[in-house]
Amino acid sequence: MAVENVIWPRYLDAEMSRSAGRRVPLDDAVVEPTIDEIAEAVQQIGYDAVIERDVRHPREWETRGRVVVKGAEDSTKNDLVQAVAAYVGILRD
C-alpha cells in the first residue's frame, strides 16, 4: 500500500507556535509558506506532490490548501517535514 503524508502550511509557518501546529524549529520555519512552495520542495527531495487547494486545516478558518506527498515509504513524517522546510528556506533565498 502506498504511503501518503499530508503537509499543511501551518507545519512550516514561522508565525505559528509549536502548540498551534508548527512542526519545525523556528530557525527552519518561514513566514506564510505557500502550497506551491511546499510542492516544489517535495519534488526537489524526490517525491510526488499532489496539491489540494480547496481544503483547510481543521484548526484554521482560512483555506490555505495542503500538499499530499506520495511514495515516501522510506522516510518518517518528521524527517519529510524537516527536509521540506529546509528546501522552502532555500527557495526563498
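What covers the buried residues of helix α1 includes strands β1 (4-7), β2 and β3 together with helix α2 (77-92). Here contact means heavy atoms within 4.5 Å, and buried means under 20% relative accessible area, with exposed over 50% and partly exposed in between (1.4 Å probe, protein chains only). Helices (H or I, at least four residues) and strands (E, at least two) are DSSP runs, numbered from the N terminus. The model is a predicted one, in which local features need pLDDT of at least 70 and side-chain atom pairs count only at pLDDT 80 or more, while totals for chains, interfaces and linings use all residues. Residues are numbered from 1 along each chain as its sequence is written, and side-chain values use heavy atoms, with hydrogens and water left out.

Let us stay with α1 for a moment. This helix spans residues 35-44, and its buried residues are I35, E37, I38, A39, A41 and V42. An α-helix has 3.6 residues a turn, so residues three or four places apart point the same way. After α1 comes G46, with a positive phi near 100 degrees.

Now step back to the whole chain. Its secondary structure comes to 2 helices and 3 strands, and along the sequence they follow the pattern β-α-β-β-α. The radius of gyration is 12 Å, close to the 12 Å that the globule rule gives for 93 residues, so the chain is as compact as a globular protein of that length. That radius is taken over C-alpha atoms, and the rule is 2.2 Å times the number of residues to the power 0.38. Along the principal axes, the C-alpha atoms fill a box of roughly 35 × 30 × 20 Å. Of the 93 residues, 41% count as buried. Among contacts between residues at least 6 apart in sequence, 61% join residues at least 24 apart.

What lies inside? The largest nonpolar core has 24 residues, and I7, L12, I38, V42 and V84 touch the most other members. The elements that give two or more residues to this core are β1, α1, β3 and α2. A nonpolar core is a set of buried Ala, Val, Leu, Ile, Met, Phe, Trp, Tyr and Cys residues joined through side-chain atoms within 4.5 Å. Leaving out residues up to four places away in sequence, V42 touches I7, Y47, D48, A49, V67, V69 and V84.

Strand β1 is the place of N5. Is N5 buried or exposed? N5 is buried, because its relative accessible area is 11%. Again not counting residues up to four places away in sequence, N5 touches V67, V68, V69, A72, K77 and L80.

The loops deserve a visit too. Between β1 and α1 sits E32, which has a positive phi of about 45 degrees although it is not a glycine. E32 counts as exposed because its relative accessibility is 52%. In the loop between β2 (48-52) and β3 (66-70) you will find H57, which is buried, with a relative accessible area of 12%. Leaving aside neighbours within four places in sequence, H57 is in contact with W8 and R10. The C-alpha atoms of H57 and P9 are separated by 9.0 Å, although these residues are 48 apart along the chain.

One last stop is Y11: R23 lies over the face of its ring, at 4.3 Å from the ring centre. A charge sits over a ring if NZ of Lys or CZ of Arg is within 6 Å of the ring centre and within 35 degrees of the ring normal.
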